[in-house]
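I opened a new notebook for this structure. These entries record what I looked up, in the order I looked.

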Amino acid sequence: MISRADKPYSEEESLGVLNEYVRDWFNSGFGELTPPQRYAFKLIGERKNVLIAAPTGSGKTMSGFTSIISRLFDYSLEGKLEDRIYCLYVSPLRALNNDIHRNLSKPLDEIYGLMKKKLGTEIIKRNIRQVTIGVRTGDTSQKERRQQLLKPPNILVTTPESLAILINSDKFMENMKGLEYLIVDEIHELANNKRGVHLSLSVARLENLIGGRLVKIGLGATLHPLDEAARFLVGYRNGEPDDCTIVDASWSKKLDLKAISPVTDMIYTPEEEIEAATYKEIDRIIKASKSTLIFTNTRSGTERVVFNLKKRYGYGEDIAAHHSSLSRESRLDVEELLKKGSLKCAVSSTSLELGVDVGAIENVVQLGSPKSVTRAIQRIGRAGHSYKATAKGETIVLNRDDLIECTIMLDAAIKKHLDTFRVPQNALDVLAQHIMGMSLNRKWNVDEAFELVRNAYAYHDLPREDFDGLMGYLAGNYVGLESRRVYGKIWYDETTRMFGKRGYAAKVIYMLNLGTIPDEVAVDVFDTKKKWIGSIEEEFLAKLKPGDIFTLGGKLYQFEYAKEMRCYVTDAQTKSPTIPPWYSEQLPLSFELAMGIGDFRARMAQLMGKQKRVGRAANSGGIPKAIAELLDPLPADQNSKLSIYNYFVEQRLFAGEIPTSKMVLVEVTQDSESEKDYIIFHSLFGRRINDALSRAFGASLADFLDMDIGIMVNDNGFVMIPEEKVRLSEGDLKKIVSEIHDVGLSKIIKSNISGTELMKRKFRHVAARSFMILRNYKGHKISVKRQQFNSQLVFKAAEAIDPNFPVIKETYREIMDDVMDLPRAGEIIDAMKKGDIKIRLVKTPAPSPFSHNMITFGQADAVLMKDRHAHLQRLHKMVMEEIGG
């Protein structure tokens, strides 16, 4: 049963569960218990499963470890502490693992030092030993691995991938036979992806191997819903979630947040002045703080900010960049400098979001929206290193949509509203790895294996037919795949219902190919004459559709097709870009934040509807009282509030409608200068949902209008660009909604993505995880180009055997549920059909204000920023001419 810790324990009760030496050490080093420690010490001391949600700097790590350390020193005092592993700590970050090792080694030494001081020679007589700690990751040397095998640490710090290897090492498992505790850190970074799914199966198998249930402790900063995280942590037993007590200290740290607009006018202020004002604001914040951490969302943005701060304000070695494209050594150097207080400022894309100890950060700056409330709090929580400190965060906004998004996001953070996450369910590729891994441990009855798999929350409702289909693939039951060098991975006797290891090479294949993170490389771009132009990231290629236009090397190109690891394009200098080159890096807007913005739009629309006259304001004093009362409490400066008000006024006066979470506005319009017609869907649901909706509406409208349609997808909606002028009515749109509903969104999307680059790339990832294609064979790394080639041959063979082949089925599931958000997109179509979400059509003489950032989205790149700014100004002038502004 999942339950909540309703009240904290007293200090006497909490410290009373610790042995005297650990208690004395704690009292001498810490003034008082932090909020999570007031719950966790006693609960863990009583060997209960506990999920702890608490901000950075709240003593979360020691909340999880202190009672365990006390128990291990009890064993030592009793002369029972052996050379074996009692506690396993798992984190998604190798850097965090090194932090934990360093940060726990000191307390362990100090506690043992206290014991030696008090007990003297008794230490030797009674065989009272030091509690030891070790790290096991991909970076651990062979020498250290051998030492751990001979003399294992009592606490082992590792990663999900290393754990999956260890549970298939018979010799090492001997050292884990008495394992008692499992700590999963940064649980919010694992529970929502396949690395977490992989870990949950490893834990289910580990408990089976040691013959008992572990005491499980989960640590996370920003988690919602907590019940979902708890189920992920503890798994299932007899069809029900195992027991877990939730300690919710998420909001024990105060927040000081503000959205800042660096200029009063975001439209007509020259681009150079906006840039100068932005860097001036950043410089002011850095100079006013002892240490500042800046997030930019993209790697290119990080480099640009560091370059400009050094160039404009003379910063030197006291400012540094940190992102995933830098070497591990460079990132570690930056982290060490931050800890020592030697850096005035660090600039990061997203790589410093997680719990690596970076010392005392005074202020966190976000350039543009992080696209989710949870991520914003995670970042801002890096400021204020103690739990009593206030976490200060300032978000600098660069356009009007960003302004509204960030203001509502920070307001939601203050009101303690978080985005939800979901654990991926029934991922067949990860399951394939673990069934093969299980076969290496021993012979299994297939029913016993099925029940073990369903102990992991990610598989608690796995359909038996999916499991059986996967067993058939792994056993090599499909005729036609061996010609593509896809062989059976296990032996399976359907008569006795037993399966096990197949062949001497099985373990080598498993060990060299397990894991969930796909291999990705740069893709070469060529023109149709096969002249090399440059390269793009493979993840960006996966998002491209034929006809998409993007920038590369300062020029525009239209995507035509791709073959293996080559992308072919044609010149598109006379056209406008439809997708920015950082699109694959940009995080999608969360559904909850999108709903929050939609609700704010609805309140603004309602208040404007009550005004006798609505007009633009020259200053904040010109905002009507009722609207000012709505805007005043928001965490934004006066420039921002005035911009928000005028933005809504322009939309209301020009289009007559303000789209909300309950009303999708479809705008049929044209751009007289570019001579383009647009059908703009103002569907503020986030990019994942809009990706699905745009494909469904695009396919239906193309059939209805009998013409090809280009599509640009954005968090705030999607833009369709028909070949010629269109005639469309509200009734036509309702018929299209009914058609999508009746045919089924899933069926339409499945047909739409079949054969796309997205499907081809994702199939390779899923096939590699399923061991259908190999990334490494007998120690020889197989190139991504060869993997892609092999995957397409395998796909054709598998599809010919069964269109619902397990690996193909999982590819579709991953795209529709994890890349897109088909379940929610389906709910929106249902709501449109029922009329719970209205769909309105307006025809405008020019694009309305809320559409401007969508139309110019493809120009949102440093190379084209001036063009975009000029385009926005021209669109805005057309609006102002129409409304008489």
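**Entry 1. Ground rules.** I call a residue buried under 20% relative accessible area, exposed over 50% and partly exposed in between, using a 1.4 Å probe and protein chains only. This is a predicted model: local features need pLDDT of at least 70, side-chain atom pairs count only at pLDDT 80 or more, and totals for chains, interfaces and linings use all residues. Residues are numbered from 1 along each chain as its sequence is written, and side-chain values use heavy atoms, with hydrogens and water left out. Helices (H or I, at least four residues) and strands (E, at least two) are DSSP runs, numbered from the N terminus.

**Entry 2. Aromatic pairs.** I took rings of Phe, Tyr and Trp (its six-membered ring) as paired if their centres lie within 6.5 Å. Planes under 30 degrees apart count as stacked, over 60 as edge-to-face and the rest as tilted. How many aromatic pairs does this rule give? The count comes to 21.

I looked at Y75 and Y86 next. Their pair is tilted, with 5.5 Å centre to centre and 40 degrees between the planes. Y75 lies in helix 4 (residues 60–77), and Y86 lies in the loop between helix 4 and strand 3 (87–90), so the pair ties together parts that are eleven residues apart in sequence. Y75 is buried, at a relative accessible area of 17%. Y86 is buried too, at 0%.

Then I turned to Y510 and F771. This pair is edge-to-face: 6.2 Å centre to centre, 85 degrees between the planes. Y510 sits in helix 20 (residues 506–513) and F771 in the loop between helix 28 (757–769) and strand 29 (776–777), so the pair ties together parts that are 261 residues apart in sequence. Are Y510 and F771 buried or exposed? Both Y510 and F771 are buried.

I also noted one aromatic cluster, formed by W25, F26, F30 and F41.

**Entry 3. Charges over rings.** My rule: NZ of Lys or CZ of Arg must be within 6 Å of the ring centre and within 35 degrees of the ring normal. The charged end of R442 sits over the ring of W444, at 3.7 Å from the ring centre. R464 has its charged end over the ring of F450, 4.7 Å from the centre.

**Entry 4. S63.** I found S63 in helix 4. S63 is buried, with 0% relative accessible area. For polar contacts I used pairs of N or O atoms within 3.5 Å; within protein, one must be able to donate a hydrogen and the other to accept it, and residues adjacent in sequence count only if both atoms are side-chain atoms. The side chain of S63 reaches the backbone nitrogen of Q37 at 3.5 Å.

For plain contact I used heavy atoms within 4.5 Å. Which residues does S63 touch, not counting residues up to four places away in sequence? They are T34, P36, Q37, A40, F41, I44 and I52.

**Entry 5. T56.** T56 is in the loop between strand 2 (50–53) and helix 4. T56 counts as buried, at 17% relative accessibility. Leaving aside neighbours within four places in sequence, T56 contacts K253, G381, R382 and G384. The C-alpha atoms of T56 and A221 are separated by 6.6 Å, while the two residues are 165 residues apart along the chain.

Entry 6. I counted two strands as paired if DSSP finds at least two bridges between them. Five strands form an open sheet in the order 21-20-24-23-22, with mixed pairing. Which are the edge strands? They are strand 21 (532–537) and strand 22 (549–552), each pairing on one side only.

I walked the sheet from strand 21. Five bridges join strand 20 (residues 522–527) to strand 21, and the two run antiparallel. A522 stands opposite E537 in strand 21. Strands 20 and 21 form a hairpin with four residues between them. In the turn, K530 has a positive phi of about 65 degrees.

Strand 20 meets strand 24 through four bridges, and these strands run parallel. V525 has C567 in strand 24 as its bridge partner.

Six bridges join strand 23 (residues 555–563) to strand 24 (residues 566–571), running antiparallel. Q558 is partnered by T570 in strand 24.

Strand 22 is joined to strand 23 by four bridges, also antiparallel. F550 stands opposite Y557 in strand 23. I checked where the side chains of strand 22 go: I549 and T551 point one way, F550 and L552 the other way, and all are buried.
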